[in-house]
Amino acid sequence: MTLKYLITGATGGLGAGVLSYLIANVPASEYAAASSKEENRKQFEDRGIAFRVVSYDDPQTLETAFEDVENLFFVSTNTFDNEKRRKQHENFVEAAKKMNVKHASHQTPRTIILANIKPAAVQESHLMTEEMMKQAGINFTSIREGLYTDAFPVFMGWYPSTSTVYLPSDGPIAFTLRSELGEANARLMIQGGHDREIVLLTAQETITFSEIVDLINETTGRNVQLKLVSPEEFVRLKAADDEGGKPEGFFQALLSWYESISKGETCTIDPLMAEVLDRQPVPPREAIRAFLTENRDYEWHQNYVNRS
């Protein structure tokens, strides 16, 4: 039996958002959730949602899961190891081709990068994935996502206890709400089109880290300061005293991303998301103000690797 939509990464934030939109808008027989863990089956099947196991490290599970699938939502893996991600994505693309998937929507969870400018290191594997899909001859849409507004604390190293934010650069970023990205991705997949295209989903405004600090102070009554430091000083300061327990390698890996900010590579906006949603996306300033108004001690889970 043909399955119209298979959503990988369905237990993650973006995949869950895509799945939620399908649940509310298309018949249950047309979609299924996928995860790398068999133990996640029950949580979906108890809700009447079909489930398939998809391990990017196991080509056999990919081929089994992709059988008779028309539209595949392809969520990038969440490792900073580019070589590992490259192999995982290669397995995914080869299985999609072998099983004759009609269309793969590949999401890249950051705004990449103008052509002819060197991409941030964390983005290189996504560019490789786009090239893989082209070379494999599969039908795809590569969706480059705006950075999650929700995750602003991890991107600027801010905690509710922070008095000074140390960063190696400041510049405009097209932060975009994750919930709206989930809806926009689902709508785009249902609408179809954009075959073998690279598209960009972002809010229609940008914000800088210094403006976010001003928002934190204005909304919560704090007196947080922003201090720009050298890349070396940034890594040293953060690795020595990161409240969330993130290792030095994490901050070292972020340096190329901060460099891309200083070059203006994260400020690109595109009208497509507003067109797909049929409304204006929530601007980052408005979204962050709402987060902090609801909870002046707003946190983002990925800021803390030292929590179970």
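In which handedness of crossing does helix 9 pass helix 10? The crossing is right-handed. A crossing has this hand if the near helix is turned clockwise from the far one by less than a right angle, and is left-handed if anticlockwise. The model is predicted: local features need pLDDT of at least 70, side-chain atom pairs count only at pLDDT 80 or more, and totals for chains, interfaces and linings use all residues. Residues are numbered from 1 along each chain as its sequence is written, and side-chain values use heavy atoms, with hydrogens and water left out.

Helices (H or I, at least four residues) and strands (E, at least two) are DSSP runs, numbered from the N terminus. Axes are lines fitted to C-alpha atoms, for helices over the stretch in contact; angles run from 0 to 180 degrees between N-to-C directions. On helix 9, the contact involves Pro231, Phe234, Val235, Lys238 and Ala239. They meet Glu248, Phe251, Gln252, Leu255 and Tyr258 of helix 10. Contact means heavy atoms within 4.5 Å. By class, this contact has seven nonpolar, one polar and two charged residues. Ala, Val, Leu, Ile, Met, Phe, Trp, Tyr, Cys and Pro count as nonpolar, Asp, Glu, Lys and Arg as charged, and the others, Gly among them, as polar.

The whole structure holds 17 aromatic pairs. Rings of Phe, Tyr and Trp (its six-membered ring) pair if their centres lie within 6.5 Å; planes under 30 degrees apart count as stacked, over 60 as edge-to-face and the rest as tilted. Phe234 and Phe251 have ring centres 6.0 Å apart and planes at 80°, so the pair is edge-to-face. This pair ties together parts 17 residues apart in sequence, because Phe234 lies in helix 9 and Phe251 in helix 10. Phe234 is buried at 2% relative accessible area, and Phe251 is buried at 3%. Buried means under 20% relative accessible area, exposed over 50%, and partly exposed in between (1.4 Å probe, protein chains only). Phe234 also pairs edge-to-face with Tyr258, with centres 5.2 Å apart and planes at 75°. Tyr258 is buried as well. Ring pairs link Phe155, Phe175, Phe209, Phe234, Phe250, Phe251, Trp257 and Tyr258 into a cluster.

An open sheet of seven strands runs in the order 3-2-1-4-5-6-8, with parallel pairing. Two strands pair if DSSP finds at least two bridges between them. Strand 3 (50-53) and strand 8 (197-201) each have a single partner, so one side of each lacks a neighbour in the sheet. The twist averages 20° from one strand to the next. Helix 4 (residues 82-98) packs on the sheet, touching strand 4 (69-75) and strand 5 (103-108). Five bridges join strand 4 to strand 5, with Asn71 opposite His103. Strand 5 also pairs with strand 6 (residues 140-145) over five bridges, where His106 stands opposite Ser142. Six of the six residues of strand 5 are buried, so this strand is largely enclosed by the rest of the structure. His103, Ser105 and Gln107 point one way, and Ala104, His106 and Thr108 the other.

Ile288 sits in helix 12 (residues 284-294) and is buried, with a relative accessible area of 0%. Its contacts beyond four places in sequence are Thr149, Phe152, Ile207, Ile212 and Leu215.
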